[in-house]
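Dear colleague,

Please find below the structure that I am handing over to you.

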Amino acid sequence: MKGNREIEVLIVEDDLRVAEIQKRFLEQIEGFQTVGIAASNLEAKTLIEIMQPDLLLLDVYFPDMNGLDLLKETKQQTKQMDVIMITATKEIHKVQEAISIGVFDYIIKPVVFERFKQSLLRYKDYHTNLAQLGKDSLHVTQQQVDKLLRKEIVGLPNEKTYLPKGIDPLTLEKVLEVLSREVRGLTAEIVAKEIGVSRTTARRYLEHLVSEEKIEADLAYGTVGRPERVYLVHT
């Protein structure tokens with residue numbers, strides 16, 4: 001980030017409804033500005049060249065291109081730009097390819113806001129630290145590199161600092177414990193009663209766990225009324 005300006009983000013997504021959701025998500029996170037939306041190969045390359053954004057939110061599959069090819073091309077051109085993949089693509093070789101090329105994060109659709117926000121705040125922290133290091137010196141220490149790569153939080157108590165706002169680690173453990181006792185899954189209402197919180201609070205914790213892929217969600221169809229969302233630990 002140059003000075004104190006906002007981080008400029010280009011959304012590359014051919015589904016304009018999804019792109020609009022991402023744009024609205026960004027508007028709720030301080031420090032970011034959407035500078036454009038590209039729905040095709042030509043639009044993406046044109047806007048990258050003109051806007052020179054700090055960050056791309058990039059899908060994989062488009063009618064006229066593969067997002068990973070665009071990622072490779074931008075990296076080869078040594079553009080000072082980072083990429084967060086946001087895609088429904090779950091094939092392990094695609095994930096591995098994206099990581100090997102150098103994406104900052106890989107988010108699987110449908111996107112949950114808390115997971116999206118967590119990724120963007122991590123990027124903001126990284127981007128700010130990198131800019132500050134560039135101002136202070138041409139060289140870095142091992143500790144500074146580890147901080148950039150988040151290695152200092154692995155296995156340490158302060159990693160819980162990076163839980164989304166409103167998610168308490170102890171309550172999160174209680175939710176997981178309750179779910180682990182019922183293999184058929186539980187609704188948010190039942191989980192709420194078990195741990196003594198409101199249904200809304202329980203749902204927030206459950207959806208966070210789904211976004212982290214620690215549990216999964218399914219629909220249970222009863223005899224009357226709408227289907228209920230049921231949460232269960234991965235089997």
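Two strands are taken to pair if DSSP finds at least two bridges between them. Helices (H or I, at least four residues) and strands (E, at least two) are DSSP runs, numbered from the N terminus. Please note that this is a predicted model, in which local features need pLDDT of at least 70 and side-chain atom pairs count only at pLDDT 80 or more, while totals for chains, interfaces and linings use all residues. Residues are numbered from 1 along each chain as its sequence is written, and side-chain values use heavy atoms, with hydrogens and water left out.

I begin with the five-stranded sheet. This sheet is open, its strands pair in parallel, and their order is β2-β1-β3-β6-β7. Because β2 (32–38) and β7 (105–108) stand at the edges with a single partner strand each, one side of each has no neighbour in the sheet. From one strand to the next, the twist averages 20 degrees; axes here are lines fitted to C-alpha atoms, for helices over the stretch in contact, and angles run from 0 to 180 degrees between N-to-C directions. Strand β6 (residues 82–87) is joined to β7 by four bridges, and the two run parallel. Threonine 87 has isoleucine 108 in β7 as its bridge partner. Helix α1 (residues 16–27) packs on this sheet and touches β1 (7–12), β2, β3 (55–58) and β6, with its direction at about 170 degrees to that of β2. Contact means heavy atoms within 4.5 Å.

There is also an open sheet of three strands, in the order β8-β10-β9, with antiparallel pairing. Its edges are β8 (186–187) and β9 (215–220); each has a single partner strand, so one side of each is left without a neighbour in the sheet. Two bridges connect β8 with the antiparallel strand β10 (residues 228–233), where tyrosine 231 stands opposite leucine 186. Helix α9 (residues 199–211) lies across β9 and β10, at about 55 degrees to β10.

Two individual residues may also interest you. Glutamate 73 lies in helix α3 (residues 67–76) and is partly exposed, because its relative accessibility is 28%. (Buried means under 20% relative accessible area, exposed over 50%, and partly exposed in between, with a 1.4 Å probe and protein chains only.) The C-alpha atoms of glutamate 73 and lysine 45 are separated by 9.8 Å. Lysine 117, in helix α5 (residues 113–136), is likewise partly exposed, at 22%.

Yours sincerely
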